[in-house]
Amino acid sequence: MKASGWLWLLRKDLFSQRARLAILILCVTLSSFLFGLTFSAVSYLRSEIRPRLRELFPERRVVIRPASSDVMLFRLEGPKISDKAYEEFKSLDAVSAVYAQMPAAFPISAEFEMNSLNVGFTTDIIMFGVDRDLVAKDLAPGIDFPAKNPKDPIPALITEYFLDAYNLGLAESAGMPKLSKTALLGVGFDLILGESQTGLGSSKVASSRRTARVSGLTANPLLFGVIIPIDQMREFNKVYRPDREATYAALHIDLRSPEDADAVKAKATELKLRFEAQKEVLDRYLRIVGTIEQCLVGAFALVFMLAAVGVFTTFASAIQERRPAWGLHRATGLSPIRVMMLACGHAIAAAIPSALLATAGCIAVSLLLTKFFSQYTGQLSILPGNPFHFGWGTALAILVFSLGFSLLPAVILAMPICRARPVKLLSERSL
């Protein structure tokens with residue numbers, strides 16, 4: 001049989017099953033639409049959120065902080081992390097590297113002025129000094145941390161969550177322009193050392209100003225505030241709190257392997273310090289993400305099973321009605337493979353329109369959600385990219401799903417017809 005003859009035969013079969021074809025398209029479209037939404041959401045969680053969490057909480061890193069306990073309305077802290085404790089952790093065989101995080105022991109304010117945007121404000125800040133290697137990947141290219149020339153502005157990193165708070169808080173309420181991540185890079189500001197805008201804290205030394213420049217943004221959740229080189233912070237603490245011994249807010253420790261955590265934990269327990277393995281934090285967040293993925297897949301599976309009943313039932317009715325006619329085709333020389341192709345033609349005729357409709361529906365939902373949540377998407381540091389983005393990969397997955405969902409029942413139900421003898425098929429119903 002020529003291709004034109006086979007297409008004519010397929011068209012005749014389809015036109016004789018218009019109502020059932022419409023039902024098939026409806027069932028497959030609904031399933032493909034929900035599959036597309038689920039696939040897009042799960043893909044985002046796996047390709048964006050999981051890597052983001054692994055970046056924020058490296059498995060080989062543990063964090064040492066002062067122990068604390070809550071007593072009624074107050075939180076009491078145990079021993080501080082001293083230079084001696086720092087050296088003891090650094091000398092452990094299980095430790096690959098130790099990065100210190102030193103807090104400011106005196107009040108600090110910052111005065112931001114962005115004349116190009118007519119934006120300016122003064123506020124108290126939290127400031128830490130850290131080792132360069134802890135924030136090296138967050139620094140802008142070509143930045144010296146610390147600056148080679150002492151007269152140059154102090155290189156400073158700002159937490160990405162500060163930018164989130166500004167965009168979603170101050171900018172929204174005061175009608176100020178929102179800023180992108182690149183807008184802050186290179187912006188200069190003044191550090192007002194030894195002065196608090198709110199009157200909290202004090203210093204016996206007269207306040208002074210130092211120029212700083214934003215040299216990068218960090219997403220590390222433990223580096224909340226303004227980050228400067230630790231040597232610079234050590235000097236400031238000596239000037240403004242000369243009577244206080246140098247202590248650290250945290251030690252970020254990279255292990256040689258995740259299995260070496262016990263040795264570091266034992267040392268922390270000995271020094272009465274708080275031990276926190278980033279792997280445990282990561283596992284907690286990954287369990288949450290995994291639960292969300294399972295809920296999405298479970299909800300889709302429920303709808304899929306209901307739709308599958310409709311698809312199989314409709315295909316069974318359509319093919320059952322065509323059994324005698326296909327038996328006649330078999331008797332007049334149509335091969336079993338051609339009969340199977342005829343059944344698959346029914347499936348493809350339902351799958352392709354369904355895939356197009358489902359893709360259009362997913363794109364519409366993506367655009368609506370992106371527009372509705374535009375103030376959050378791309379602005380929250382914890383949400384990389386656009387959670388509602390619809391890509392070509394999802395469109396291809398919808399097409400493959402639609403074809404598979406349609407072809408599977410067609411092949412299963414047409415197989416007995418291909419194997420049966422034409423005489424038996426002809427005897428089942430009068431033509």
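This is a predicted model: local features need pLDDT of at least 70, side-chain atom pairs count only at pLDDT 80 or more; totals for chains, interfaces and linings use all residues.
Two strands count as paired if DSSP finds at least two bridges between them.

Start with the whole chain. It has 12 helices and 15 strands. Of its 431 residues, 43% are buried. Among contacts between residues at least 6 apart in sequence, 82% join residues at least 24 apart. The chain exposes about 22700 Å². Carbon and sulfur atoms supply 61% of that area.

Now turn to strand β14, residues 250–255. All 6 of its 6 residues are buried, so β14 is largely enclosed by the rest of the structure. Both of its faces are covered. Ala250, His252 and Asp254 lie on one side. Leu251, Ile253 and Leu255 lie on the other.

Which strands pair with β14? One is β1, residues 61–66, which runs antiparallel to β14 over 4 bridges. There, Val62 has Ile253 of β14 as its bridge partner. Another is β5, residues 95–103, also antiparallel and joined to β14 by 6 bridges. Val95 stands opposite Leu255 in β14.

Next comes the nonpolar interior. In soluble globular proteins, nonpolar side chains tend to be buried together. The largest nonpolar core here has 47 residues. Ile64, Met127, Leu191, Leu251, Ile253 and Val264 touch the most other members. Take Val264. Leaving aside neighbours within four places in sequence, Val264 is in contact with Val62, Ile64, Phe89, Leu92, Val95, Ile253, Leu255 and Phe275.

Note on methods:
Residues are numbered from 1 along each chain as its sequence is written. Side-chain values use heavy atoms; hydrogens and water are left out. Helices (H or I, at least four residues) and strands (E, at least two) are DSSP runs, numbered from the N terminus. Buried means under 20% relative accessible area, exposed over 50%, partly exposed in between (1.4 Å probe, protein chains only). Contact means heavy atoms within 4.5 Å. Accessible areas come from the Shrake-Rupley method with a 1.4 Å probe; for residues, only the protein chains shown count as cover. A nonpolar core is a set of buried Ala, Val, Leu, Ile, Met, Phe, Trp, Tyr and Cys residues joined through side-chain atoms within 4.5 Å.
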